[in-house]
Amino acid sequence: MGSGVNTIGVLTSGGDAPGMNAAIRAVVRQAITNGKKVKGIRRGYAGLLHEEIEDMTTHSVSDIISRGGTILQTARCLEFKEEEYQRQGAEICRKFGIDGLVVIGGDGSFKGAQKLAALGVNTIGVPGTIDLDIACTEYTIGFDTAVNTAMEAIDKVRDTSTSHERCSIIEVMGRGAGYIAMWCGIANGAEDVLLPERYNYDEQALVNHIIDGRKRGKQHHIIVNAEGIGHSASMAKRIEAATGIETRATILGHMQRGGVPTAKDRVYASTMGCKAVDLLCAGKTNRVVGYQHGEFLDFDIDEALGMTKDLDEYQVQICYSLGNADYVNVPE
Ligand code: ADP
Ligand code: F6P
């Protein structure tokens, strides 16, 4: 392995995600194994600007792999979008001897990482967001845990929905992306799934589907609604008025960001954290770690930020067809 950098900083930025601790642990331990010093930067770019920087040892990351959240804490720091503060951030890195930096976060955080790389701090991004909305990778830290948390919650809502013969709208996170919604749609066998990438806002079709299902003996109607569409409470009122069927909205919210990370999130986050350190040790900068077709890879951040991705169309179709098939198969 090449010599690369001497002191590696690590920070988490944007929304927290289960598995970020596993990534931090991997960065710290892989760096120390390679003879590097490690400094933890608290509260993302906000903490960098406030010089909330401390030495980390192998011991600093003991007992965290099973914990949700991020021990370094995280923040959204609007100032960091301005060049003046980016320069200040790069200066502070130099002041603390940080010549390599691992940024764990989403696309927004990678834009900050890109700026620091351009200002001479060797920087690598690791995708951490429950939303799965980073184009260069099929995996982001936290998605697996979040979708399992949402799935379990929706199963519970389904029980009460059936008991009361209600329609239930469950809103899941994802910002503008429908990955969590689509996965829950399939995993929970939802009757309807509203995806920001596909929904045509034809509420009458939704109403007809609910009424048809009820006529055929369905005891509940689960609608998974993505945050990117939102307005679940007002939608519930309109649906109840139009169908005469009691309708309730549940917004799962931040519970989806917490909790014990799944094995997948722990293992993938650990692998990505190590890979980020390996890249820095090999003298690389302005890269982002990704996962595609069964392989852990890295991409130029500029190229990664320019990529786009969409939901898998086949999965979108089965998400709809399996919901409908269930309803079609209920005997007359
Ligand atoms: P995520 O990283 O999950 O996409 P955000 O979009 O909230 O979350 O971004 C996290 C942080 O990254 C922001 O609060 C800001 O500090 C930094 N950031 C976002 N956009 C930029 C940008 N264009 N330039 C520099 N830093 C940015
Ligand atoms: O990016 C993760 C995420 O949880 C999104 O799904 C959601 O839109 C957003 O963060 C919520 O942000 P906040 O925690 O600031 O309310």
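Arg257 and Asp16 form a salt bridge, with their closest N and O atoms 2.7 Å apart. A salt bridge here is a side-chain nitrogen of Lys or Arg within 4 Å of a carboxyl oxygen of Asp or Glu. The model is predicted: local features need pLDDT of at least 70, side-chain atom pairs count only at pLDDT 80 or more, and totals for chains, interfaces and linings use all residues. Residues are numbered from 1 along each chain as its sequence is written, chains are lettered from A and ligands numbered from 1 in the order in which they are written, and side-chain values use heavy atoms, with hydrogens and water left out.

The protein chain is divided into domain 1 (7-142 + 261-306) and domain 2 (146-257). These bounds come from an automatic or database domain assignment. The C-alpha centres of the two domains lie 35 Å apart. Eleven residues of domain 1 are in contact (heavy atoms within 4.5 Å) with ten residues of domain 2. About 900 Å² is buried between the domains, and carbon and sulfur atoms give 53% of this area. Ile130, Asp131 and Leu132 supply 51% of the area that domain 1 buries against domain 2, more than any other three residues. Buried area is the accessible area (1.4 Å probe) that two parts lose on being put together, summed over both.

One salt bridge is counted between the domains. Two residue pairs are in polar contact there, both at pLDDT 80 or more. A polar contact is a pair of N or O atoms within 3.5 Å; within protein, one must be able to donate a hydrogen and the other to accept it, and residues adjacent in sequence count only if both atoms are side-chain atoms.

Arg166 is found in the loop between α5 (143-163) and β6 (167-172). Helices (H or I, at least four residues) and strands (E, at least two) are DSSP runs, numbered from the N terminus. Arg166 is buried, at 16% relative accessible area. Buried means under 20%, exposed over 50% and partly exposed in between (1.4 Å probe, protein chains only). The side chains of Arg166 and Glu246 make a polar contact of 3.0 Å. Beyond neighbours within four places in sequence, the contacts of Arg166 include Arg214, His220 and Arg248.

Two loop residues other than glycine have positive phi. Glu51 has a phi near 55 degrees. Glu51 lies between α2 (44-49) and β3 (53-56) and is partly exposed, at 31%. Arg175 has a phi of about 55 degrees. Arg175 lies between β6 and α6 (179-187) and is exposed, at 51%.
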